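Student: I've got a new chain to look at. Can you walk me through it?
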Amino acid sequence: MIQLILQLKDIQKNIGAEEILNNITFILEEKEKAALVGVNGAGKTSVFRIITGQWQPDEGAMTHSQGLTIGYLPQLAETDPNLLESIPTSQTLYDVLDAVFEPLKKLEVQIRALEEKMTNQIGEALDNSLERYSLLTSRFEAADGYSASSRVRGVLKGLSFTEDQWKQPFAELSGGQKTRALLGRLLLESPDIMLLDEPTNHLDIDSVAWLEDYLRNSKSAVILISHDRYFMDKVVTKTIEIERKKSTVYNGNYTYFAEKKARDRALAEKQFAENQKVIKHHEEVIKTLRSYSTEAAIIRAKSREKLLAKIERVDKPTSDPTNMRLRLKPKITSGHDVLTVEDLSMAFGEKHLFSNVSFDVKKGDRIALIGPNGIGKTTLLKILMGELTPITGRIREGVNVRLGYYDQAQDHLSEDKNIFQELADTYPRLTQTEIRTVLGAFVFIGDDVFKPISALSGGERGRVALAKIMLAGANFLILDEPTNHLDLFSKEILEEALKEFTGTILYISHDRYFINHTATMVLEMEPTGLKRYYGNYDYYMDKKAEELAMAEIDTPEPESALLNNKEEYQRKKEQEAAIRRRKTQLEKLEKQIAKIEAAITDCDTRLNDEITSRDAEASAAIFTEKTKLEEELVILYDNWERLSE
């Protein structure tokens with residue numbers, strides 16, 4: 001039976017005189033995976049701090065199951081003193097993760113010592129030792145102690161650490177590597193609830209895909225904050241939005257949330273417009289009748305006024321939070337051939353990055369450049385921009401090509417200037433009004449335009465860089481991780497701007513959702529060259545699966561494995577018939593499962609209803625109904641798993 005392990009009810013939090021949270025309400029069940037979404041500054045991290053006990057709510061209550069364990073990975077985990085102080089400077093990367101199983105290792109030492117002791121015991125002493133031995137081995141096996149080392153290695157490989165790095169002292173790792181290591185440690189600790197704040201920030205695409213599978217199969221419940229929509233779609237079954245300090249629960253993944261919210265907002269706007277239309281009509285009729293000044297007209301006007309007073313007023317729906325308003329428009333049109341790259345190779349000293357890199361870029365292409373971390377993607381972009389010189393190869397730029405470059409490190413911004421000066425000095429012909437208008441489109445309002453570049457957050461620096469690109473009027477955009485530090489809503493604005501852009505785009509991104517919605521071509525970078533896929537990310541994944549299947553087909557089977565007699569042929573036909581029967585049964589079970597899951601979702605919706613939540617008897621009845629459905633679902637899942645094996 002699935003248990004409720006965490007509940008936040010009407011949580012309110014103030015910092016000084018400022019209210020930062022108001023009416024945060026949601027529940028979390030064991031093993032459930034949920035996403036916390038909202039614009040930057042909405043209060044997502046504040047909710048994490050309340051769950052972990054760092055902050056206490058001013059009003060409302062948080063309840064949880066007894067003995068609940070919570071693990072928290074903050075966004076800047078590599079700089080968090082609470083996480084780092086527990087790690088001895090002498091520990092290697094492997095030691096940091098392996099230390100999770102220190103209690104199991106001590107238990108194993110006790111088991112081995114007891115085994116040695118029992119070799120010299122007889123009678124009652126042996127019986128007592130055997131009883132204790134049985135207890136200790138049961139505890140060791142229940143904790144999966146025999147697989148501890150393989151689990152550590154599996155997590156290290158999944159997070160893209162090479163075996164050479166396993167022996168590296170933790171203190172010598174880069175900031176991103178430390179965050180990955182701390183994530184790996186938390187995964188191995190497997191607390192009841194994992195709170196993950198941007199866990200994919202320092203992961204390449206393969207590592208993110210591995211993490212998706214790990215979290216989906218984890219026994220821990222998870223609440224994550226992420227700007228990676230593809231990741232959320234794959235992992236979560238509940239989305240909790242914080243908007244205007246309040247929470248709204250959507251029982252589905254990010255795509256479900258986005259579509260449901262858009263539908264709800266459109267419906268609310270339609271209902272408001274219709275309500276206003278009816279009210280305005282009555283008001284105009286009343287005004288016209290009163291203008292006649294006859295007794296009959298006044299009586300009818302009063303009757304209308306009574307009718308108007310009875311009409312229920314629909315509240316005006318809240319508008320979307322302020323977002324960027326981004327439009328990228330080339331000043332001139334390039335020729336059809338934008339860029340030709342031939343046989344590039346690059347190395348730094350003895351460190352080889354890539355070789356035999358060749359590709360063409362045509363007008364209108366939107367190309368995503370992907371590949372593992374450290375393969376040289378950013379280096380390749382800097383070569384294209386003329387900032388680095390390759391060892392071999394050449395680059396030919398087409399006619400009328402005007403480049404615009406977005407650097408993920410934002411090295412092209414002047415630290416000694418403020419935002420206004422950065423744009424004014426780059427584009428001296430612009431008036432103050434023109435500069436303020438552009439900055440307003442990127443949500444820099446009023447005195448915000450005078451913020452020093454050195455004091456800006458990563459997201460703010462990214463918006464300044466995008467503003468500069470917009471003003472440049474470039475027709476070929478080269479973008480290095482353009483969605484880093486942008487909130488979900490700003491990402492969507494950027495996506496729409498890039499899809500409407502009439503020029504050409506080449507970009508690096510680990511955001512698979514972003515790639516899926518903007519790319520017309522994917523270039524996969526390898527040490528020995530590039531592979532080209534003419535489509536978006538889903539197309540790329542389908543083609544990779546086909547390539548893998550073909551490779552398996554092309555692998556020759558040994559002669560002994562071939563079916564070479566009637567008996568073997570008959571056995572194969574019987575197996576195929578059995579598979580067909582199981583497939584039919586599976587399809588029937590899947591329909592039953594879908595029906596039960598829909599009923600459970602309906603129960604959740606009713607439990608989260610504000611009116612129902614105040615009715616203890618109704619809530620208890622719904623919860624009982626949900627519990628029975630979940631028990632039935634467990635049986636169906638068991639049957640499904642048995643048949644599908």
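This is a predicted model: local features need pLDDT of at least 70, side-chain atom pairs count only at pLDDT 80 or more; totals for chains, interfaces and linings use all residues.

Student: How many helices and strands are in the chain?
Tutor: The chain has 22 helices and 18 strands.

Student: And what box do the C-alpha atoms fill?
Tutor: Roughly 115 × 75 × 65 Å, taken along the principal axes.

Student: What share of the residues is buried?
Tutor: Of the 645 residues in the chain, 43% are buried.

Student: What about contacts? How many join residues at least 24 apart?
Tutor: Take the contacts between residues at least 6 apart in sequence. Of those, 69% join residues at least 24 apart.

Student: What's between the two strands?
Tutor: The hairpin of S1 and S2 has 2 residues between the strands. Gly-16 in this hairpin has a positive phi near 65°.

Student: Which other strand does S1 pair with?
Tutor: Strand S4, residues 59-64. That pairing is antiparallel too, over 5 bridges. Gln-7 has Thr-63 in S4 as its bridge partner. Lys-9 is bridged to Ala-61, also in S4.

Student: So what's the strand order in that sheet?
Tutor: The order is S2-S1-S4, in an open sheet of 3 strands. S2 and S4 are at the edges with a single partner strand each, so one side of each has no neighbour in the sheet. From one strand to the next, the twist averages 15°.

Student: Switching topic. What does the largest nonpolar core look like?
Tutor: It has 49 residues. Leu-97, Leu-196, Leu-215 and Leu-224 have the most contacts inside it. Helix H8, residues 175-189, gives the largest share, with 6 residues.

Student: Let's zoom in on Leu-196. What is it in contact with?
Tutor: Leave aside its neighbours within four places in sequence. Then Leu-196 touches Phe-48, Leu-73, Leu-183, Leu-186, Leu-215, Val-222, Ile-223, Leu-224 and Ile-225.

Student: How many residues are in the second core?
Tutor: That separate core has 46 residues. Among them are Ile-370, Tyr-406, Phe-420 and Phe-514.

Student: Now the loops. Where is Ser-190?
Tutor: Ser-190 is in the loop between H8 and strand S6, residues 193-197. Its phi is near 50°, a positive value in a residue other than glycine.

Student: Is Ser-190 buried, exposed or in between, and why?
Tutor: Ser-190 counts as partly exposed, because its relative accessibility is 37%. Partly exposed is the range between under 20% for buried and over 50% for exposed.

Student: Which loop holds Arg-244?
Tutor: The loop between strand S8, residues 238-243, and strand S9, residues 246-250. Arg-244 also has a positive phi, near 55°. With 43% relative accessibility, Arg-244 counts as partly exposed.

Student: Further along, what's the strand order in the sheet with S10?
Tutor: S11-S10-S13, an open antiparallel sheet of 3 strands. The edge strands are S11, residues 351-362, and S13, residues 392-397, and each pairs on one side only. Neighbouring strands here are turned by 15° against each other on average, direction ignored.

Student: How many bridges join S10 to S11?
Tutor: There are 8, and the two strands run antiparallel. S10 covers residues 337-348. Asp-337 stands opposite Lys-362 in S11.

Student: Last one. How many cavities of 30 Å³ or more are there?
Tutor: The count is 1. The largest cavity holds about 30 Å³ of space.

Student: Which residues line the largest cavity?
Tutor: Leu-328, Lys-329, Ile-469, Met-470, Gly-473, Ala-474, Leu-477 and Phe-501.

Key: Residues are numbered from 1 along each chain as its sequence is written. Side-chain values use heavy atoms; hydrogens and water are left out. Two strands pair if DSSP finds at least two bridges between them. Helices (H or I, at least four residues) and strands (E, at least two) are DSSP runs, numbered from the N terminus. Axes are lines fitted to C-alpha atoms, for helices over the stretch in contact, and angles run from 0 to 180 degrees between N-to-C directions. A nonpolar core is a set of buried Ala, Val, Leu, Ile, Met, Phe, Trp, Tyr and Cys residues joined through side-chain atoms within 4.5 Å. Buried means under 20% relative accessible area, exposed over 50%, partly exposed in between (1.4 Å probe, protein chains only). Contact means heavy atoms within 4.5 Å. On a 1 Å grid over the protein atoms alone, a cavity is a set of points where a 1.4 Å probe fits but cannot get out, and a pocket is an open set with protein on both sides within 12 Å along at least five of seven lines; lining residues have an atom within 4 Å of a point. Grid points are joined across faces, edges and corners, and a volume is the space filled by probe spheres set on the points.
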